[in-house]
Amino acid sequence: MNLEVVTANRLKDGRTVYLGESGWSENLEEARLAGSAAAAQALLALAERSVERNEVVGPYLIEVIEEGGHLVPARRRERIRAEGPTVAAGSGRQSREIV
Amino acid sequence: MYRYDQFDQRLVDERVAQFRDQVRRRIAGELSDEEFKPLRLMNGVYLQLHSYMLRVAIPYGVLSALQLRKLAHLARTYDRGYGHFTTRQNIQFHWVRLEETPDILAELAEVEMHAIQTSGNSLRNTTADQYAGVAADEIADPRVYAEIIRQWATLHPEFSFLPRKFKIAVTGGARDRAAVKTHDIGLFIRRNAAGELGFEVVVGGGQGRTPFLAKTLRKFLPEADLLSYIEAILRVYNEFGRRDNIYKARIKILVHELGIEKFAELVEAEWAATRAGALRLPEAELARIRAHFASPPYEEIAPPGASLEAERRADPAFARWLRHNTAAHVKPGYAIANISLKATGAVPGDISAGQMEALADLAERLSFGEIRVTHEQNLTLPYVKASELYTLWQALGTLGLATPNIGLASDIIACPGLDFCSLANARSIPIAQRIAERLKDVERQEAIGELRIKISGCINACGHHHVGHIGLLGVDKQGEEFYQMTLGGHAEEDASLGTIIGPAFSSADVVDAVERVVETYLGLRAPGERFIDAYRRVGAQPFKDKLYAAH
């Protein structure tokens, strides 16, 4: 079973957040990990309660992997959500390459 | 330019108040996300990968210096200090907070701007030639008709729940600079044999998953019938357009499936019943709108002749900028100056708050306080004295806005792509930056000549890849970014859709592939032959041979 976490966007400001031990965090490292399908569903159920409390919108599970001692999302889309755009928008600086 | 009357202002102010209450109710939990989503979309608020995004309408791409200064203020106060111009002549702020969007909209209303109908299945911002009113080849000013359409379309109750979004573009020149044939309805201003003004109406164009160029529905529509005829088209679409399948819901699919003749029959039948009705444009109203777009108080001046020639000779960099970034003006002694937002390493269409403010100042000093946004994600100063071009160019240079590449290989259209957009499959911006970096040598670009490279990060084609001379479409192949190349697309009056050239290229290989296409073209072109003309002459095969020779 792969490791999964729950992500969503915060209602008030839209920022990418992850469900952590003490609420929602912008830091993926603080996310609660699910190592089984049952644990993942339990996390998602918890997240749905946050939706009902109008804290976040659109929660879903994403796969994470360990890379250099850090947790990072497995898929590129989620890595960009976690780390921000790979280009320095608005400032005309050169892009930062990500794998 | 057009100024709001009491009705416009009241409507926009009321909408801000309504949306403020809707946002309050959403945050308080009185509205569910399901209930709120269509309301926020009606006000241009999207939820993207990292944040909410606000898309602000810039009607037919016309901005005053005052408005641009306000956009700078909003970028700095509510966003991260920049804005992003889109292929529909709008501006997007990518980092706004939902709770602050009512304040942003209230500030926009102070300068006669809003975000109404920049999203959702509605009549979107009507776009137009950025050279409107100043092009030497213009029959009549498209802004007049775009504004009439704007007034009619704004909050139109019958057309607020169309099967899908609906985009109209108008051009008044012999050359199409507004990609008119890629729109749901396109209007080419024409004169008939009697010299009367009217339109050639084209319908059913669009890009996306199933691209079509618009087909001529009516060779000549009299000016006074503009709205009744558009209404008839929309009624036919509203009745017969598909609502069961989002991929088949645009009018282009309806026109394609019915055939243009059958579609025209339906429109004519609808129109016959309404043509003489309330939508017939009264001459007095036409004159009232036209007066808003009267020429600015030009000075009667002679073309600068010798002095400009001396500046050109003295400074080759200025000469290059003149060659590529300026265009002939209808008024003697004046020029159209284009400002490239495609500096090497920049994000296509991005502009910082500081650049916006400096440009607003320059527009006030040198262009009667007016700025235009182009669908190619650049800006235009429409009324610059030719004798002041050198001053303008020097000032733009200090702002990083004097890149002499309009229409050249590094003037790339790119959508925000996977760096921002929740619909994207692959990134667009870094590819645009890498291609621009590879081809950054201005002399080489000049030798290549006109070359339109357009990049989309998904099949929705916001980056116009179908009509790029070289089009790139980002796709996801088992987690890797790949780019499918099309060649031979073109967005102007002789528009064409590109042809897929072969298997997609990896992100690592795609810049080499673009360069190989360029080198192949340089090797086979006749003297002075543009890329698109060479491609049309020789076809895809020579390019395929070079691109896939090793495979």
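**A helix and its surroundings**

A: Helix 5 (residues 142-153) of chain B has 12 residues and reaches 16 Å from its first C-alpha to its last, close to the 16 Å expected at 1.5 Å a residue (1.5 Å times one less than the number of residues; helices are DSSP runs of H or I with at least four residues, strands runs of E with at least two, numbered from the N terminus). The model is predicted: local features need pLDDT of at least 70 and side-chain atom pairs pLDDT 80 or more, while totals for chains, interfaces and linings use all residues. Residues are numbered from 1 along each chain as its sequence is written, and chains are lettered from A and ligands numbered from 1 in the order written.

Helix 5 of chain B is mostly covered, with 10 of its 12 residues buried (20 or more other C-beta atoms, placed from the backbone, within 10 Å of the residue's own). The buried residues run from B:Pro142 through B:Arg143, B:Val144, B:Tyr145, B:Ala146, B:Glu147, B:Ile148, B:Ile149 and B:Arg150, and include B:Ala153. Their cover, judged by contact (C-beta atoms, placed from the backbone, within 7 Å), includes strands 3 (62-64), 6 (127-128), 7 (168-171) and 8 (185-191), together with helices 6 (226-240) and 9 (283-292), of chain B. After helix 5 of chain B comes B:Leu155, with a positive phi near 55 degrees.

Helix 6 of chain B, one of the covering elements, also packs with helix 8 (residues 260-274) of chain B at about 125 degrees, their axes 8 Å apart (lines fitted to C-alpha atoms over the stretch in contact, with angles from 0 to 180 degrees between N-to-C directions).

Methods: Contact = placed C-beta atoms within 7 Å.
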